[in-house]
Amino acid sequence: MKLIKTNIKYSTPYLIVVYIILLLSACADNTHKNKDHLVFRYNEYANINTLDPAFSRTLQDNSVCNQLFNGLVQLDSNLNILPCIAKNWNTSEDGLTYKFTLRNDVYFHKHALFGKDSTRTVNAKDFEYSLHRLKDKKIAAPGSWVLNKVDYFKAINDSIFQITLKQPFPAFIGLLTTKYCSVVPKEIVEHFGTEFRSHPIGTGPFKFKRWEENIKLVFRKNQNYFEKDETGASLPYLEAVALTFLPDKQSEFLQFAQGNIDFVSGLDASYKDELLTADGHLRDSYSETVNMIRGPYLNTEYLGFYLDSKTPEIRSELIRKAINYGFNRKKMMIYLRNGIGNPANGGFIPMGLAGYSKSIGFSYQPEKAKQLVKQFKKESGIANPEITLVTTSNYLDFCEFIQRELQKTGLTIHVDVMPEATLRSARSNGKVDMFRSSWIADYLDAENYLSIFYSKNFAPSGSNYFHFKNTLFDSLYNKAFTVTNIEERKHLYTTMDSLAMQNAIIVPLYYDEVVRFTRKNISGLGINPINLLDLRRVKKN
């Protein structure tokens, strides 16, 4: 390359200008890097459906709504119920009336519709409006069930909100921690109508910035957030949160391995052996760049049967029990989950909740499974019994494992894969005979799990996807609401769970564990037994 000489002489002022420009550019770059340094990035492969807390029914929706909204009370990482917008509360002696005293320093996220100040403080009338909206049959919010035990509620004044129940229900305060019970502003909700789902205004640690559905979701720090840390510093620490929606876990993990996202939740077959040893420890190759957090998870993974099916195999208790007996849950967890999670040899209620019992479930008894299938063939005249099991792609390995194991009993299982949203709709509307699903605790009482078997909760209006109806179960379920003694309630819960297992309406697979992987520069994320994402105290160093 030929160098060209010039005789141009630069004056001192000119050089000073160039220096200032270069300096400003460097500062701009550093500022950008510093801001980027405070952005928490993650992927939600299952996508989200809404940013409206009244419709927040999935774990993914709850985790994003948890950044935007607050309620009267909240859970800590040990699932203790703590104050939130309500600074304190008291309960009447008869257990019917709850009176909440609200903070006076909680502001809604800024929006022009609020008028001159672009915001206002939350008051008791806002909770009155929010809960009325949740109950409104025209709105048809899936979370309306949390108020089934409520007689009425009202704002006594700006700072006192009162809720009165129809009958005592000790677990009620836990229901108020669900995202369904978040406070929303009437003027914003009524302006946007159904589009509030994509124009959310709440009080949470982050505020909505942009949502390109199926592509990207961005939140920014709420500078007016009311909660502070133990030293008095304002929360949250992060500047922003950015979500992508890559539709499969393998792509998600690749982004994580390349450092493009900060966090991965859960274990998937596509990367479990890459990250973990056979006994569930982080491999040496990742130990310097990745942290693993692991702990109990109130989540039961299961297979369910639609009892109103026209398929004889589904209606047969013999076949349903054969499936329960016919595969080795412990072997499944070792080979498919590297030991993360506990084999579900008990009932539907998971380990960690009062009412759980390891003695009411099914153990691995392959010969008994064969005998039950043989008995079905003889009684039904069906020589080659078969069932179609519907799942999502990320649980295909589990279903194929069960398929192979049950083939040895004389039962043919066909595995069909659907997108999660399609399966959810089909399950609710009785369009699938047998399906894989999971149930994550909404609140800390086993009634939450047992409600799925109550006859008045038939899907699609409720969560009884099985259309299970049992008079004894229903009477025990109703009785449980009148019992305040925890030991007596525990006994009732175990009895109800055993009734469901005796009828073999589900096949419990495993009780899950929360497992989270973060980059080494992430701190303060933590875990909790409902796997709800809480980013208030997260730091990115």
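How are H10 and H12 oriented to each other? The two helices are oblique to each other, because angles under 35 degrees count as roughly parallel, over 145 as roughly antiparallel, 65 to 115 as roughly perpendicular and the rest as oblique. The model is predicted, so to speak of local features a pLDDT of at least 70 was required, side-chain atom pairs counted only at pLDDT 80 or more, and totals for chains, interfaces and linings used all residues. Residues are numbered from 1 along each chain as its sequence is written, and side-chain values use heavy atoms, with hydrogens and water left out.

H10 spans residues 329-337 and H12 spans residues 396-407. They pack at an angle of about 140 degrees, and their axes are 11 Å apart. Axes here are lines fitted to C-alpha atoms, for helices over the stretch in contact, and angles run from 0 to 180 degrees between N-to-C directions. Helices (H or I, at least four residues) and strands (E, at least two) are DSSP runs, numbered from the N terminus. The crossing of H10 with H12 is right-handed. A crossing is left-handed if the near helix is turned anticlockwise from the far one by less than a right angle, and right-handed if clockwise. On the H10 side, Lys-331, Met-332, Leu-336 and Arg-337 take part. They meet Asp-397, Phe-398, Phe-401 and Glu-405 of H12. Contact means heavy atoms within 4.5 Å. This contact has 4 nonpolar, no polar and 4 charged residues. Ala, Val, Leu, Ile, Met, Phe, Trp, Tyr, Cys and Pro count as nonpolar, Asp, Glu, Lys and Arg as charged, and the others, Gly among them, as polar.

Helix H9 (residues 317-325) and helix H11 (residues 366-380) cross at roughly 160 degrees, and their axes come within 8 Å. H9 and H11 are therefore roughly antiparallel to each other. Their crossing is left-handed. H9 contributes Leu-318, Ile-319, Lys-321, Ala-322 and Tyr-325 to the contact. Residues from H11 include Pro-366, Leu-372, Val-373 and Phe-376. By class, the contact of H9 with H11 has 9 nonpolar, 1 polar and 3 charged residues.

On a 1 Å grid over the protein atoms alone, a cavity is a set of points where a 1.4 Å probe fits but cannot get out, and a pocket is an open set with protein on both sides within 12 Å along at least five of seven lines; lining residues have an atom within 4 Å of a point. The whole structure holds 1 cavity of 30 Å³ or more. The largest cavity has about 40 Å³ of space, a volume being the space filled by probe spheres set on the points, with grid points joined across faces, edges and corners. Its lining includes Asp-52, Arg-133, Leu-134 and Tyr-180. The lining divides into 5 nonpolar, 2 polar and 2 charged residues.

The second largest pocket holds about 360 Å³. Of its 20 lining residues, Tyr-45, Pro-247, Asp-248, Ser-393 and Asn-394 are the closest to its centre. Helix H6 (249-257) and H12 each give two or more residues to this lining.

Backbone exceptions were also found. The peptide bond from Leu-235 to Pro-236 is cis, with omega near -5 degrees. Pro-236 lies in the loop between strand E9 (216-221) and strand E10 (240-244). The bond from Ala-459 to Pro-460 is also cis, with omega near 10 degrees. Leu-79 has a positive phi, near 65 degrees.
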